[in-house]
Amino acid sequence: MIVKEIDNNIVISKLSDFNLEETLECGQCFDFIKAEENAYDIIACGRYLFAEQKEDTLILYDTSMDEYESVWKDYFDFETDYADIKRRIIDIDERLKSVIEENSGIHILRQDFYETLISFIISQNKQIPQIKQVIRNISERFGREILTKKGAKMYLFPTLEEIKAATEEDFKSCKAGFRAKYLIDAIKKLSDKSVCEEKLFDMTDAEVHDILVSIKGVGDKVASCVMLFGLYRVGAFPVDVWMKRIMEYMYFGEDTKKEVIESYAKDKFKELSGYAQQYLFIYGKNERIGR
DNA sequence: CTCCAGGTCGTTG
DNA sequence: CAACGACATGGA
């Protein structure tokens, strides 16, 4: 992998084990728009990015080596050896070989904690297109307007400061529905630091989990997603309806409780659970297992 | 019309 | 503790 700064763009060539589309479209993040084939407007980490991939070259437009080093390199998780991770997962279960090969370019994004928490509170009992819409509504209402590479209006995900004064009614008008009160509680706990990202760093996964579920509307699944996608706790294994179906199909053969599935998977995949979860998730969804 | 969505909460048994 | 309906909204 070679990274160069050319005319205010970052050009990454000789990429391996990374695909922009697979990484964005696998359900781990919601705030992006497909601008054209293999090119995306991305809202993340309080910023906007236009990214385009052509084969093993990725171009990040209108950014600098400084911003790449401090933000996008970590966001896209370019320092992790995915070839090794995929090999080790296949060693654990050979049947995952074909899924992993078909989705060989997925990376687990290291997303912003606060943005991930808000997004996954919204995600409960909603379909992905609707999750995106609610996030867009909230961003349009409270976030800063920017122009995309092609000159279209888009809105950054609002900062905690920008969203602090929002009311339950505001979120309802953004179509958050019954999740509006959950967002209010999350914002309150973030503001008064009863949930504080810095304090989570030296805690165990179980301790972080307990802090997260203290927020109204955050249960085991949302907490697991926030840990995996917003805190890069890759031992987490979120179990939603899709994961339940695919895990029952592959390992249990009968109706099985989510907690049982989660502990079975963590025991099986150990520190690779989060990665394994993402390959299984996309498999179950694409093949519509159990539907 | 009914059913369900990357669930969680509050209430019953 | 386990089971179950309610919860907003929109699409199939």
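Reader: Let's start with helices. What describes two packed helices?

Author: Two packed helices are described by the angle between their axes and the distance between the axes. Here, helix α13 (residues 241-252) and helix α14 (residues 258-269) pack at about 65 degrees, and their axes are 10 Å apart. Axes are lines fitted to C-alpha atoms, for helices over the stretch in contact, and angles run from 0 to 180 degrees between N-to-C directions. Helices (H or I, at least four residues) and strands (E, at least two) are DSSP runs, numbered from the N terminus.

Reader: Is the crossing of α13 and α14 left-handed or right-handed?

Author: The crossing is left-handed. That word applies if the near helix is turned anticlockwise from the far one by less than a right angle, and right-handed applies if clockwise.

Reader: Which residues make the contact?

Author: Two residues are in contact if their C-beta atoms, placed from the backbone, lie within 7 Å. From α13 come M243, K244, M247 and Y251, while α14 brings K258, I261, Y264 and A265. Sorted by class, six are nonpolar, none is polar and two are charged. Ala, Val, Leu, Ile, Met, Phe, Trp, Tyr, Cys and Pro count as nonpolar, Asp, Glu, Lys and Arg as charged, and the others, Gly among them, as polar.

Reader: Before we go on, what should I know about the model and its numbering?

Author: This is a predicted model: local features need pLDDT of at least 70, side-chain atom pairs count only at pLDDT 80 or more, and totals for chains, interfaces and linings use all residues. Residues are numbered from 1 along each chain as its sequence is written, and chains are lettered from A and ligands numbered from 1 in the order in which they are written.

Reader: Which domains does the assignment give for chain A?

Author: Domain bounds come from an automatic or database domain assignment. For chain A, the assignment gives domain 1 (2-79), domain 2 (84-101 + 234-291) and domain 3 (113-230). The C-alpha centres of domain 1 and domain 2 are 27 Å apart.

Reader: How do I tell whether E115 is buried or exposed?

Author: Count C-beta atoms, placed from the backbone: a residue is buried if 20 or more others lie within 10 Å of its own, exposed if 12 or fewer, and partly exposed in between. E115, in helix α5 (residues 113-123), is buried because it has 24 such neighbours inside 10 Å. K193 is exposed, because 10 other C-beta atoms lie within 10 Å. K193 sits in the loop between α9 (180-191) and α10 (197-200), and has a positive phi of about 65 degrees although it is not a glycine.

Reader: What does N8 touch?

Author: Leaving out residues up to four places away in sequence, N8 touches D62 and S64. N8 and S64 are 56 residues apart along the chain, yet their C-alpha atoms are separated by 5.9 Å.
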